Amino acid sequence: MTAPLIDPFHRAVNYLRVSVTDRCDFRCVYCMAENMTFLPKKELLTLEELDRMCSTFIRLGVEKLRITGGEPLVRRDIMTFFKGMKRHLDSGTLKELTLTTNGSQLERFAEELYACGVRRVNVSLDTIDEDKFADITRWGRLQQVLRGLDAAQDAGLRIKINAVALKGFNEDELFTLAEWCASRDMDMTWIEVMPMGDLGNEDRLDQYWSLKDLRARLAERYTLTDLPERTGGPARYVRLEETGQKIGFITPMTHNFCESCNRVRLTCTGQLFMCLGQEDMADLRAPLRGSESDAALEDAIRAAIALKPKGHDFDYSRQQVDGQMSRHMSHTGG
Ligand code: SAM
Ligand code: SF4
(Lines give C-alpha, C1' and ligand atoms only; values in the text may rest on other atoms or scores of the structure.)
(Ligands and ions follow the chains in the order given, each with its own letter.)
Protein backbone atom coordinates (compact mmCIF):
# COMPACT_ATOMS: atom_id res chain seq x y z
CA MET A 1 0.00 0.00 0.00
CA THR A 2 1.49 3.38 -1.00
CA ALA A 3 1.34 6.16 1.60
CA PRO A 4 -0.81 9.10 0.52
CA LEU A 5 0.62 12.54 -0.19
CA ILE A 6 0.46 14.65 2.98
CA ASP A 7 2.21 18.02 3.14
CA PRO A 8 4.00 19.50 6.18
CA PHE A 9 0.81 21.32 7.19
CA HIS A 10 -1.13 18.04 7.34
CA ARG A 11 -3.03 18.75 4.13
CA ALA A 12 -3.70 15.71 1.98
CA VAL A 13 -2.97 16.41 -1.66
CA ASN A 14 -5.64 14.63 -3.68
CA TYR A 15 -6.28 17.09 -6.49
CA LEU A 16 -3.95 17.59 -9.45
CA ARG A 17 -4.43 20.20 -12.14
CA VAL A 18 -2.51 19.45 -15.28
CA SER A 19 -1.70 21.86 -18.07
CA VAL A 20 -1.35 19.84 -21.26
CA THR A 21 -0.28 22.68 -23.53
CA ASP A 22 0.73 26.33 -23.30
CA ARG A 23 -0.92 27.06 -26.65
CA CYS A 24 -4.34 28.51 -27.20
CA ASP A 25 -6.64 29.54 -30.03
CA PHE A 26 -7.68 32.65 -28.05
CA ARG A 27 -5.62 35.56 -26.76
CA CYS A 28 -7.60 36.77 -23.75
CA VAL A 29 -6.19 40.17 -22.80
CA TYR A 30 -5.72 39.31 -19.10
CA CYS A 31 -4.00 36.02 -19.90
CA MET A 32 -1.78 36.34 -22.96
CA ALA A 33 -0.04 38.89 -25.11
CA GLU A 34 -1.19 38.86 -28.73
CA ASN A 35 2.15 37.68 -30.09
CA MET A 36 3.03 34.94 -27.67
CA THR A 37 6.12 32.80 -28.10
CA PHE A 38 5.20 29.24 -27.24
CA LEU A 39 7.46 26.50 -26.01
CA PRO A 40 9.26 24.26 -28.46
CA LYS A 41 7.43 20.92 -28.77
CA LYS A 42 10.31 18.90 -27.29
CA GLU A 43 9.92 20.78 -24.00
CA LEU A 44 6.39 19.47 -23.57
CA LEU A 45 5.58 16.18 -21.94
CA THR A 46 4.44 13.74 -24.60
CA LEU A 47 0.99 12.19 -24.24
CA GLU A 48 2.63 8.99 -22.97
CA GLU A 49 4.62 10.98 -20.42
CA LEU A 50 1.48 12.82 -19.30
CA ASP A 51 -0.22 9.47 -18.82
CA ARG A 52 2.70 8.12 -16.78
CA MET A 53 2.89 11.28 -14.71
CA CYS A 54 -0.85 11.38 -13.92
CA SER A 55 -1.00 7.64 -13.27
CA THR A 56 1.82 8.01 -10.74
CA PHE A 57 -0.01 10.82 -8.95
CA ILE A 58 -3.17 8.70 -8.93
CA ARG A 59 -1.23 5.81 -7.42
CA LEU A 60 -0.09 8.26 -4.72
CA GLY A 61 -3.65 9.22 -3.84
CA VAL A 62 -4.77 11.86 -6.33
CA GLU A 63 -8.52 11.36 -6.84
CA LYS A 64 -9.39 14.38 -8.90
CA LEU A 65 -7.72 15.42 -12.12
CA ARG A 66 -8.46 18.69 -13.88
CA ILE A 67 -7.02 19.11 -17.35
CA THR A 68 -6.26 22.66 -18.43
CA GLY A 69 -3.80 24.74 -20.43
CA GLY A 70 -3.49 26.93 -22.50
CA GLU A 71 -6.45 25.48 -24.24
CA PRO A 72 -6.39 21.73 -23.50
CA LEU A 73 -8.56 20.81 -26.47
CA VAL A 74 -6.13 22.28 -29.02
CA ARG A 75 -3.41 19.81 -28.01
CA ARG A 76 -3.11 17.32 -30.84
CA ASP A 77 -4.57 13.89 -30.07
CA ILE A 78 -5.53 14.94 -26.56
CA MET A 79 -8.42 12.47 -26.64
CA THR A 80 -5.83 9.69 -26.49
CA PHE A 81 -4.83 11.03 -23.08
CA PHE A 82 -8.45 11.25 -21.89
CA LYS A 83 -9.11 7.72 -23.12
CA GLY A 84 -6.09 6.55 -21.12
CA MET A 85 -7.29 8.22 -17.93
CA LYS A 86 -10.64 6.46 -18.23
CA ARG A 87 -9.02 3.26 -16.95
CA HIS A 88 -8.42 4.95 -13.59
CA LEU A 89 -12.07 6.04 -13.42
CA ASP A 90 -13.14 2.51 -14.30
CA SER A 91 -10.95 1.04 -11.56
CA GLY A 92 -12.35 3.55 -9.05
CA THR A 93 -8.96 4.99 -8.06
CA LEU A 94 -9.74 8.24 -9.86
CA LYS A 95 -13.02 9.80 -8.72
CA GLU A 96 -13.27 12.68 -11.16
CA LEU A 97 -11.77 13.61 -14.51
CA THR A 98 -12.62 17.09 -15.62
CA LEU A 99 -11.35 20.01 -17.66
CA THR A 100 -11.30 23.77 -17.94
CA THR A 101 -11.75 25.00 -21.47
CA ASN A 102 -12.58 28.10 -23.47
CA GLY A 103 -15.27 26.02 -25.18
CA SER A 104 -14.09 26.64 -28.75
CA GLN A 105 -13.57 22.92 -29.48
CA LEU A 106 -16.44 21.47 -27.47
CA GLU A 107 -18.66 21.04 -30.49
CA ARG A 108 -16.08 18.61 -31.81
CA PHE A 109 -15.12 16.80 -28.60
CA ALA A 110 -18.12 16.84 -26.23
CA GLU A 111 -19.34 13.33 -27.01
CA GLU A 112 -15.87 11.81 -26.84
CA LEU A 113 -15.21 13.52 -23.52
CA TYR A 114 -18.40 12.05 -22.13
CA ALA A 115 -17.42 8.63 -23.42
CA CYS A 116 -14.08 9.00 -21.57
CA GLY A 117 -15.92 9.49 -18.29
CA VAL A 118 -15.88 13.28 -18.10
CA ARG A 119 -19.12 14.51 -16.52
CA ARG A 120 -18.48 18.13 -15.73
CA VAL A 121 -16.71 20.86 -17.67
CA ASN A 122 -15.73 24.39 -16.67
CA VAL A 123 -16.12 26.78 -19.57
CA SER A 124 -14.53 30.22 -19.32
CA LEU A 125 -16.81 32.91 -20.67
CA ASP A 126 -16.68 36.53 -19.52
CA THR A 127 -19.45 38.04 -21.64
CA ILE A 128 -22.33 36.99 -23.85
CA ASP A 129 -22.07 40.08 -26.02
CA GLU A 130 -20.50 39.14 -29.36
CA ASP A 131 -18.46 42.31 -29.81
CA LYS A 132 -17.21 42.33 -26.24
CA PHE A 133 -16.34 38.66 -26.53
CA ALA A 134 -14.25 39.38 -29.62
CA ASP A 135 -12.53 42.25 -27.77
CA ILE A 136 -11.62 40.34 -24.64
CA THR A 137 -10.53 37.09 -26.33
CA ARG A 138 -9.04 38.91 -29.35
CA TRP A 139 -9.30 35.77 -31.53
CA GLY A 140 -12.44 34.07 -30.20
CA ARG A 141 -15.92 33.91 -31.69
CA LEU A 142 -18.85 33.74 -29.32
CA GLN A 143 -21.09 31.72 -31.65
CA GLN A 144 -18.54 28.91 -31.81
CA VAL A 145 -18.46 28.72 -28.00
CA LEU A 146 -22.27 28.78 -27.79
CA ARG A 147 -22.44 25.87 -30.23
CA GLY A 148 -19.89 24.12 -28.01
CA LEU A 149 -22.08 24.64 -24.96
CA ASP A 150 -25.08 23.19 -26.81
CA ALA A 151 -23.06 20.17 -27.88
CA ALA A 152 -21.75 19.65 -24.35
CA GLN A 153 -25.21 19.75 -22.83
CA ASP A 154 -26.56 17.46 -25.55
CA ALA A 155 -23.79 15.00 -24.71
CA GLY A 156 -24.81 15.04 -21.04
CA LEU A 157 -21.97 17.16 -19.65
CA ARG A 158 -22.77 19.45 -16.75
CA ILE A 159 -21.39 22.94 -17.33
CA LYS A 160 -20.05 25.56 -15.03
CA ILE A 161 -19.36 28.98 -16.49
CA ASN A 162 -16.27 30.77 -15.14
CA ALA A 163 -16.22 34.51 -15.68
CA VAL A 164 -13.34 36.79 -14.77
CA ALA A 165 -14.73 39.92 -13.07
CA LEU A 166 -13.41 42.88 -15.03
CA LYS A 167 -14.06 46.45 -14.07
CA GLY A 168 -15.77 48.47 -16.78
CA PHE A 169 -16.10 45.36 -18.93
CA ASN A 170 -18.67 42.91 -17.60
CA GLU A 171 -20.00 44.79 -14.59
CA ASP A 172 -23.11 45.59 -16.63
CA GLU A 173 -23.65 41.88 -17.34
CA LEU A 174 -23.82 40.78 -13.72
CA PHE A 175 -27.54 40.02 -13.86
CA THR A 176 -27.67 39.11 -17.54
CA LEU A 177 -25.05 36.41 -17.05
CA ALA A 178 -26.71 35.08 -13.90
CA GLU A 179 -30.07 34.85 -15.64
CA TRP A 180 -28.59 33.33 -18.77
CA CYS A 181 -26.82 30.64 -16.73
CA ALA A 182 -30.00 29.93 -14.75
CA SER A 183 -32.03 29.63 -17.96
CA ARG A 184 -29.55 27.06 -19.31
CA ASP A 185 -29.19 25.22 -16.00
CA MET A 186 -25.49 26.03 -15.73
CA ASP A 187 -23.64 26.88 -12.53
CA MET A 188 -21.56 29.99 -12.49
CA THR A 189 -18.41 31.21 -10.76
CA TRP A 190 -16.85 34.63 -10.76
CA ILE A 191 -13.06 34.87 -10.60
CA GLU A 192 -11.12 37.87 -9.39
CA VAL A 193 -8.46 38.94 -11.86
CA MET A 194 -5.02 37.85 -10.70
CA PRO A 195 -1.65 39.50 -11.13
CA MET A 196 -0.25 36.82 -13.41
CA GLY A 197 2.33 37.46 -16.07
CA ASP A 198 3.57 40.70 -17.52
CA LEU A 199 1.39 41.26 -20.55
CA GLY A 200 2.75 44.69 -21.23
CA ASN A 201 -0.53 46.12 -22.42
CA GLU A 202 -2.92 45.91 -19.51
CA ASP A 203 -2.75 47.31 -16.06
CA ARG A 204 -3.90 44.66 -13.57
CA LEU A 205 -5.13 47.23 -11.07
CA ASP A 206 -7.24 48.95 -13.73
CA GLN A 207 -9.08 45.71 -14.45
CA TYR A 208 -9.56 44.74 -10.85
CA TRP A 209 -13.21 44.47 -9.81
CA SER A 210 -13.48 43.13 -6.28
CA LEU A 211 -15.87 40.26 -5.74
CA LYS A 212 -16.90 41.90 -2.50
CA ASP A 213 -18.41 44.69 -4.56
CA LEU A 214 -19.79 42.22 -7.12
CA ARG A 215 -21.47 40.25 -4.37
CA ALA A 216 -22.96 43.37 -2.80
CA ARG A 217 -24.48 44.33 -6.14
CA LEU A 218 -25.89 40.85 -6.60
CA ALA A 219 -27.49 41.16 -3.16
CA GLU A 220 -29.32 44.31 -4.31
CA ARG A 221 -31.48 42.14 -6.53
CA TYR A 222 -31.34 38.65 -5.01
CA THR A 223 -31.43 37.08 -1.58
CA LEU A 224 -28.05 35.36 -1.12
CA THR A 225 -27.64 32.38 1.18
CA ASP A 226 -24.08 31.28 1.99
CA LEU A 227 -23.52 27.62 1.27
CA PRO A 228 -21.20 25.56 3.48
CA GLU A 229 -19.75 23.80 0.42
CA ARG A 230 -15.95 23.73 0.30
CA THR A 231 -13.82 22.16 -2.37
CA GLY A 232 -10.41 22.70 -0.79
CA GLY A 233 -9.87 25.61 -3.17
CA PRO A 234 -10.53 29.32 -3.11
CA ALA A 235 -14.19 29.07 -4.20
CA ARG A 236 -17.06 30.06 -1.91
CA TYR A 237 -20.68 29.57 -2.92
CA VAL A 238 -24.03 31.24 -2.40
CA ARG A 239 -27.51 30.31 -3.53
CA LEU A 240 -29.73 32.91 -5.16
CA GLU A 241 -33.03 32.16 -3.45
CA GLU A 242 -35.15 33.64 -6.25
CA THR A 243 -33.70 31.40 -8.98
CA GLY A 244 -32.33 28.56 -6.83
CA GLN A 245 -29.03 28.70 -8.70
CA LYS A 246 -25.58 28.44 -7.17
CA ILE A 247 -23.00 31.18 -7.72
CA GLY A 248 -19.36 30.79 -6.78
CA PHE A 249 -16.73 33.37 -6.00
CA ILE A 250 -13.02 32.75 -6.40
CA THR A 251 -11.13 35.42 -4.53
CA PRO A 252 -7.52 34.35 -4.33
CA MET A 253 -6.41 37.80 -3.21
CA THR A 254 -8.96 38.77 -0.62
CA HIS A 255 -9.64 35.45 1.03
CA ASN A 256 -7.42 33.18 2.98
CA PHE A 257 -8.18 29.72 1.70
CA CYS A 258 -4.71 28.25 1.93
CA GLU A 259 -5.36 26.33 5.14
CA SER A 260 -7.57 23.86 3.32
CA CYS A 261 -5.57 23.71 0.06
CA ASN A 262 -5.58 20.17 -1.34
CA ARG A 263 -4.09 20.79 -4.79
CA VAL A 264 -0.92 21.06 -6.78
CA ARG A 265 -0.37 22.05 -10.41
CA LEU A 266 1.68 20.42 -13.12
CA THR A 267 2.80 22.48 -16.09
CA CYS A 268 2.97 21.13 -19.61
CA THR A 269 6.75 20.82 -19.23
CA GLY A 270 6.50 18.71 -16.10
CA GLN A 271 7.15 21.34 -13.45
CA LEU A 272 5.15 20.89 -10.31
CA PHE A 273 3.95 24.08 -8.63
CA MET A 274 2.97 23.45 -5.06
CA CYS A 275 1.16 26.79 -4.76
CA LEU A 276 -0.36 29.04 -7.43
CA GLY A 277 1.05 32.11 -5.72
CA GLN A 278 4.63 31.02 -5.12
CA GLU A 279 7.54 30.52 -7.46
CA ASP A 280 8.65 27.29 -5.76
CA MET A 281 8.48 24.39 -8.11
CA ALA A 282 9.95 20.97 -8.65
CA ASP A 283 11.05 19.56 -11.97
CA LEU A 284 9.42 16.18 -12.44
CA ARG A 285 10.37 15.78 -16.09
CA ALA A 286 13.99 14.88 -15.33
CA PRO A 287 13.14 11.97 -12.99
CA LEU A 288 10.40 10.89 -15.40
CA ARG A 289 12.68 10.87 -18.44
CA GLY A 290 15.67 9.63 -16.46
CA SER A 291 14.33 6.21 -15.63
CA GLU A 292 11.90 3.66 -16.95
CA SER A 293 10.77 2.77 -13.48
CA ASP A 294 8.54 5.24 -11.65
CA ALA A 295 10.50 5.03 -8.38
CA ALA A 296 12.57 8.19 -8.97
CA LEU A 297 9.44 10.06 -10.06
CA GLU A 298 7.58 8.97 -6.94
CA ASP A 299 10.49 10.13 -4.77
CA ALA A 300 10.57 13.49 -6.55
CA ILE A 301 6.82 13.94 -6.07
CA ARG A 302 7.06 13.16 -2.35
CA ALA A 303 10.02 15.51 -1.94
CA ALA A 304 8.05 18.27 -3.71
CA ILE A 305 4.96 17.82 -1.57
CA ALA A 306 7.16 18.05 1.52
CA LEU A 307 7.98 21.58 0.35
CA LYS A 308 4.40 22.75 -0.26
CA PRO A 309 4.29 26.24 1.25
CA LYS A 310 1.74 27.31 3.81
CA GLY A 311 0.16 29.99 1.63
CA HIS A 312 0.54 32.64 -1.03
CA ASP A 313 1.61 36.27 -1.00
CA PHE A 314 -0.82 38.01 -3.36
CA ASP A 315 -1.94 41.34 -2.00
CA TYR A 316 -3.69 44.21 -3.74
CA SER A 317 -4.43 46.03 -0.51
CA ARG A 318 -1.40 48.28 -0.64
CA GLN A 319 -2.41 49.56 -4.08
CA GLN A 320 0.47 47.90 -5.76
CA VAL A 321 0.63 44.40 -6.97
CA ASP A 322 2.66 42.59 -4.35
CA GLY A 323 3.53 38.96 -4.77
CA GLN A 324 3.16 39.40 -8.53
CA MET A 325 3.98 36.33 -10.54
CA SER A 326 6.03 36.53 -13.69
CA ARG A 327 4.57 33.38 -15.20
CA HIS A 328 1.33 33.34 -17.16
CA MET A 329 -1.85 31.53 -16.13
CA SER A 330 -1.60 29.65 -19.40
CA HIS A 331 1.65 28.18 -18.12
CA THR A 332 0.42 26.90 -14.76
CA GLY A 333 -3.07 26.36 -16.03
CA GLY A 334 -5.15 28.58 -13.76
N1 SAM B 1 -8.06 27.97 -21.91
C2 SAM B 1 -8.83 27.43 -20.86
C3 SAM B 1 -9.85 28.43 -20.37
O4 SAM B 1 -9.76 29.62 -20.74
O5 SAM B 1 -10.72 28.02 -19.62
C6 SAM B 1 -8.04 26.91 -19.69
C7 SAM B 1 -6.85 27.68 -19.24
S8 SAM B 1 -7.20 29.30 -18.59
C9 SAM B 1 -5.56 29.88 -18.21
C10 SAM B 1 -7.91 28.91 -17.02
C11 SAM B 1 -8.68 30.02 -16.35
O12 SAM B 1 -7.78 31.04 -15.96
C13 SAM B 1 -9.73 30.70 -17.19
O14 SAM B 1 -10.97 30.65 -16.52
C15 SAM B 1 -9.26 32.12 -17.30
O16 SAM B 1 -10.32 33.03 -17.36
C17 SAM B 1 -8.45 32.27 -16.06
N18 SAM B 1 -7.47 33.33 -16.11
C19 SAM B 1 -6.52 33.58 -17.04
N20 SAM B 1 -5.79 34.66 -16.72
C21 SAM B 1 -6.30 35.13 -15.55
C22 SAM B 1 -5.98 36.22 -14.68
N23 SAM B 1 -4.99 37.05 -14.96
N24 SAM B 1 -6.72 36.36 -13.56
C25 SAM B 1 -7.73 35.51 -13.26
N26 SAM B 1 -8.08 34.47 -14.02
C27 SAM B 1 -7.38 34.28 -15.15
FE1 SF4 C 1 -6.55 30.91 -23.82
FE2 SF4 C 1 -7.82 30.33 -21.58
FE3 SF4 C 1 -5.81 32.10 -21.57
FE4 SF4 C 1 -8.07 32.76 -22.73
S5 SF4 C 1 -7.78 32.32 -20.56
S6 SF4 C 1 -6.01 33.04 -23.62
S7 SF4 C 1 -8.75 30.87 -23.54
S8 SF4 C 1 -5.65 29.97 -22.02
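A salt bridge is a side-chain nitrogen of Lys or Arg within 4 Å of a carboxyl oxygen of Asp or Glu. This is a predicted model, in which local features need pLDDT of at least 70 and side-chain atom pairs count only at pLDDT 80 or more, while totals for chains, interfaces and linings use all residues. Residues are numbered from 1 along each chain as its sequence is written, and side-chain values use heavy atoms, with hydrogens and water left out.

**Exercise 1.** State which residues are linked with Arg-52 in a network of salt bridges.

Solution. Applying the rule gives 25 salt bridges. Among the residues taking part, Arg-52, Arg-59, Asp-294 and Glu-298 form a linked network.

**Exercise 2.** Determine which parts are tied together by the salt bridge between Arg-289 and Glu-49.

Solution. Step 1: the closest N and O atoms of Arg-289 and Glu-49 are 2.8 Å apart. Step 2: Arg-289 belongs to helix α9 (residues 285-290) and Glu-49 to helix α1 (residues 47-59), so the pair joins parts 240 residues apart in sequence. Here a helix is a DSSP run of H or I with at least four residues, numbered from the N terminus.

**Exercise 3.** Classify Glu-49 and Arg-289 as buried, partly exposed or exposed.

Solution. Step 1: buried means under 20% relative accessible area, exposed over 50%, and partly exposed in between (1.4 Å probe, protein chains only). Step 2: Glu-49 has 15% relative accessibility and is therefore buried. Step 3: Arg-289, at 40%, is partly exposed.

Key:
Chains lettered and ligands numbered in written order. Helix = DSSP H or I, 4+ residues; strand = E, 2+ residues; numbered from the N terminus.
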